[in-house]
Amino acid sequence: MEYHLLTYSFLFLPIILILYKLTPSKFRWCLLLVVDIAFYLMISKALIVFFIFAVVITYCTGLMIDRLGSSNKYTGKMLKKHKRIILFIGIILNLSMLIVFKYFKLIGISFIAPIGISYYTLQTISYMTDICRRTISCEQNIGKLALYLSYFPQVIEGPISRYSNMKNELFAGKDLSYTNITSGYQRILWGLFKKMVIADHLAPAVYKIFLHPENYDGTVIAIGAIMFTTQLYAEFSGCMDIIIGSSETLSITLPENFRQPFFAKNASDFWHRWHITLGTWLKDYIFYPISLAKPLKKLSKKAKTIVGINISKMIVPTIALFFVWLTNGIWHGAGLTYLFYGMYYFVLIFIETICEPHIEKFCQKHSIYESNLLISSFRALKLFVIVNIGEMFFRAKSITSGFNMFKKIIFDFHLSSLKDANWGIDKYDMIICFFAIILLFIVDFIHEKNIKLRDVISNYKLPIRWAIWYALIFSIILTGAYGAGYTVIDMIYAAY
Amino acid sequence: MDNTKETYNNIIKAVLFFTGLIIISTLLTVFIYKDNKKNIYDTIAVNNKINEIKNEPNDSLQVIFYGDSECYSTFYPKILSSEFNISSFVCATAAQHICDTYAILNENIRTQAPKVIVLETNCIFRKPKNTGTDKDIAMNFLSNHLSMFAHHSDWKILAKKALPKKRFKHKKNNKGFVIRKNTIPYRGGAYMKITKKTKKIPKKNLEYLNQIKSLCDNNNIKLILVSTPSPKNWSYKKHNGIYKWAAANSVTYIDLNLEKSLTINWKKDTKDGGDHLNFSGAKKVTRHIGEYLKKYILLKE
């Protein structure tokens with residue numbers, strides 16, 4: 001059962017809410033755990049064994065690290081060393097499952113992966129590492145750890161949460177509140193709107209163009225790339241709204257995964273706003289450990305004498321950044337296109353890091369301010385181009401296909417071809433999509449101004465408030481891409 | 001006390017909100033989705049095809065083809081017209097359900113008097129009407145019980161009526177045929193392995209098939225069932241299922257998957273690795289079926 005299906009939001013979730021309300025608060029976490037197991041079984045069936053295996057490994061690793069710290073057997077460096085060895089084994093065991101399911105297809109062996117393996121594996125690593133770093137204490141109850149790793153709203157495609165942020169609300173069994181339920185459902189509706197009205201309408205056109213890009217000229221391909229970026233954003237952020245909204249109904253807060261990414265200043269800022277929880281995970285568990293690694297510190301010192309302070313300062317962050325983007329690319333899948341996608345952003349952010357200080361100096365010297373309309377428009381356009389090219393390679397069948405598409409955009413661009421292009425979507429759906437995207441842009445713009453739209457609407461008088469929600473509900477029912485003539489598209493990020 | 005009052009207030013608000021939702025849904029159902037379309041799966045596609053046939057001169061078509069994408073990728077009316085002097089039209093729609101075949105045929109015979117109806121058999125095995133997805137129980141329930149969900153896109157029909165017709169006219173009139181020139185070879189080898197096993201026609205579909213047969217009989221139309229070449233969609237089990245029904249009802253059945261004289265080259269004649277035929281494959285099949293249709297029509301005349 002995927003989150004965008006009505007069964008999830010309007011049948012499964014209400015049943016859970018009723019059961020949650022009827023259960024004494026002390027045992028509510030137990031109910032959630034039972035629901036998680038049932039939810040997991042419904043999707044992955046026998047593959048739940050691998051999830052249980054991951055929970056046991058993580059639990060034991062956490063416990064062993066914790067006990068090692070409290071015993072007097074080792075102290076100082078030896079303690080640290082032993083803790084790290086246990087942590088390393090725990091990580092390797094968890095990662096090995098991910099590698100087998102996700103990357104063995106590279107050598108021609110493919111399996112159906114347990115649902116959410118890419119997400120919960122990252123959570124197991126963060127949990128074990130945080131215990132080793134002593135930023136959290138070990139969870140003594142294996143059931144509670146299993147609940148944290150399998151919490152049903154997030155198990156399929158994140159957000160990648162941290163144990164420290166989740167434990168209080170997840171295990172507290174807080175009572176349901178009318179405000180949280182209505183607010184959660186309002187967010188679910190907005191998510192369904194993005195998924196069903198925007199993403200699923202664009203899907204057939206994107207599929208068609210990316211399947212046979214050789215049949216289209218550069219103009220259609222460029223629009224196809226923009227369509228895919230829009231589809232991906234509407235789909236992933238829409239599903240996040242459903243996920244976070246459904247958790248909100250249970251009075252459990254999940255971390256945000258999107259913050260108006262298309263209003264970012266540059267590629268680096270974009271990644272602080274797009275798939276935020278993956279970005280912060282990579283920062284905390286790849287970037288910092290590599291930056292602080294002794295061999296790199298030594299390398300930096302040596303480089304100082306050879307190339308000078310300025311360049312040597314850049315060496316360590318650049319190497320760490322390289323591994324961050326390598327991991328980001330590989331995490332998305334086994335294909336070379338994902339690796340390319342990671343390296344694309346590595347190069348871009350590296351160039352940005354070098355150029356930004358010089359550009360800032362130049363702007364200060366010539367009294368050009370960020371708020372200048374021309375500058376901000378240029379930045380927005382630059383980011384838009386960068387993101388769309390990146391997503392085009394990400395979605396392309398192969399790197400060669402991606403380059404061919406790029407070549408067509410540059411050398412084979414004829415606006416006249418738009419007339420005869422067969423998009424696989426009818427004109428009415430295109431019009432609906434166009435207005436829905438404008439609405440999405442307006443909502444994002446309002447959020448960018450730090451205005452909480454749901455709070456604003458809740459302050460309106462009841463008839464206006466309800467009229468807005470009715471309008472949203474019926475726009476989904478009447479214009480959503482479901483039923484005859486449409487294909488319900490599975491969640492894209494659930495496959496990563 | 002205050003808490004209890006607030007709870008009651010919230011319950012009343014929720015009840016009122018859902019009542020409003022039901023009232024609006026009812027109004028929409030009464031004013032927009034009032035037509036009885038319970039037996040149509042894809043109203044927009046059905047409507048389009050009905051209108052396309054209405055645009056043809058009355059009683060001008062000798063043969064009408066029905067079915068899904070297998071059908072509109074295969075039968076090319078221009079060849080039938082130029083080489084066999086047969087006027088025809090393809091009334092196939094993407095993933096056509098047999099309930100829609102019946103709905104289109106039922107309307108078509110009001111303005112046309114075809115001699116032959118060709119039904120491509122792939123749609124006979126398509127799961128009976130269900131507008132939701134298999135996975136979405138709630139959506140299935142709503143679609144099966146509320147026409148607003150099942151035919152939610154029908155506002156397009158109203159919009160089409162309201163907007164000037166000129167803007168929506170098709171530039172090329174291939175009489176329902178879709179030209180597909182791509183080639184992705186099929187490399188799976190032989191696919192019609194002889195078996196005695198039979199794939200049963202779903203019960204609901206069987207009812208529609210019988211209704212189509214009666215409609216044809218009542219209007220003096222010959223019904224021909226044709227299975228177009230498709231390693232991805234066709235099998236001997238399906239062949240047996242159709243053959244049994246055709247034999248029991250004295251209906252002509254041509255399985256082109258078993259036709260050796262057809263010489264389909266699976267390296268060149270398929271658009272997508274054995275699912276649909278491309279233009280080259282379509283020309284071969286159209287000429288083959290053209291010969292048959294010509295003989296039959298001449299005989300009848």
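This is a predicted model: local features need pLDDT of at least 70, side-chain atom pairs count only at pLDDT 80 or more; totals for chains, interfaces and linings use all residues.
Let me start with Ser227(B), which stands opposite Asp255(B) in strand S5 of chain B, where strands, like helices, are DSSP runs numbered from the N terminus, a strand being E with at least two residues and a helix being H or I with at least four. Residues are numbered from 1 along each chain as its sequence is written, and chains are lettered from A and ligands numbered from 1 in the order in which they are written.

Back to the pairing. S4(B) and S5(B) pair in the parallel sense over four bridges, and two strands are said to pair if DSSP finds at least two bridges between them. Strand S3 of chain B, residues 116–120, also pairs with S4(B) in the parallel sense, over five bridges, and within that pairing Val116(B) has Lys222(B) of S4(B) as its bridge partner. Why do we call S4(B) largely enclosed by the rest of the structure? Because five of the six residues of this strand, which covers 222–227, are buried, meaning that 20 or more other C-beta atoms lie within 10 Å of a residue's own, with 12 or fewer counting as exposed, anything in between as partly exposed, and the C-beta atoms placed from the backbone.

These strands belong to an open sheet of five strands in chain B, with the order S2-S1-S3-S4-S5 and parallel pairing. Its edge strands are S2(B), residues 88–90, and S5(B), residues 252–255, each of which pairs on one side only. From one strand to the next the twist averages 20°. As a reminder, strands of a sheet pair through backbone hydrogen bonds, either parallel or antiparallel.

Now chain B as a whole. It has 11 helices and five strands, and its C-alpha atoms fill a box of roughly 85 × 45 × 40 Å along the principal axes. Of its 301 residues, 40% count as buried. Among contacts in chain B with a separation of 6 or more, 82% come from residues 24 or more positions apart, a contact being two residues whose C-beta atoms, placed from the backbone, lie within 7 Å. Chain B is divided into domain 1 (1–31) and domain 2 (37–300), with bounds that come from an automatic or database domain assignment, and the centres of these two domains, taken over C-alpha atoms, are separated by 46 Å.

How many residues does each chain bring to the contact between chain B and chain A? Chain B contributes 27 residues and chain A contributes 20. On the chain B side, the elements giving two or more residues are helices H1 (2–31), H2 (43–55), H6 (137–145), H7 (147–150) and H8 (155–162), and H1(B) gives the most, with five residues. By class, that side has 14 nonpolar, nine polar and four charged residues, where Ala, Val, Leu, Ile, Met, Phe, Trp, Tyr, Cys and Pro count as nonpolar, Asp, Glu, Lys and Arg as charged, and the others, Gly among them, as polar.

Turning to chain A, we have domain 1 (6–175), domain 2 (176–265 + 385–496) and domain 3 (266–369). The C-alpha centres of domain 2 and domain 3 of chain A lie 29 Å apart, and their contact takes 19 residues from each of the two. On the domain 2 side, H15 and helix H16 (399–411) of chain A are the elements that give two or more residues, and the largest share, five residues, comes from H15(A). That side divides into 11 nonpolar, five polar and three charged residues. Arg379(A) lies in H15(A), which spans residues 373–395, and Arg379(A) is partly exposed, with 16 other C-beta atoms within 10 Å.

Arg379(A) and Cys132(A) are 247 residues apart in sequence and 42 Å apart in space, C-alpha to C-alpha. The axes of H3(A), residues 48–70, and H5(A), residues 117–132, come within 9 Å and cross at roughly 10°, with axes being lines fitted to C-alpha atoms, for helices over the stretch in contact, and angles running from 0 to 180 degrees between N-to-C directions.
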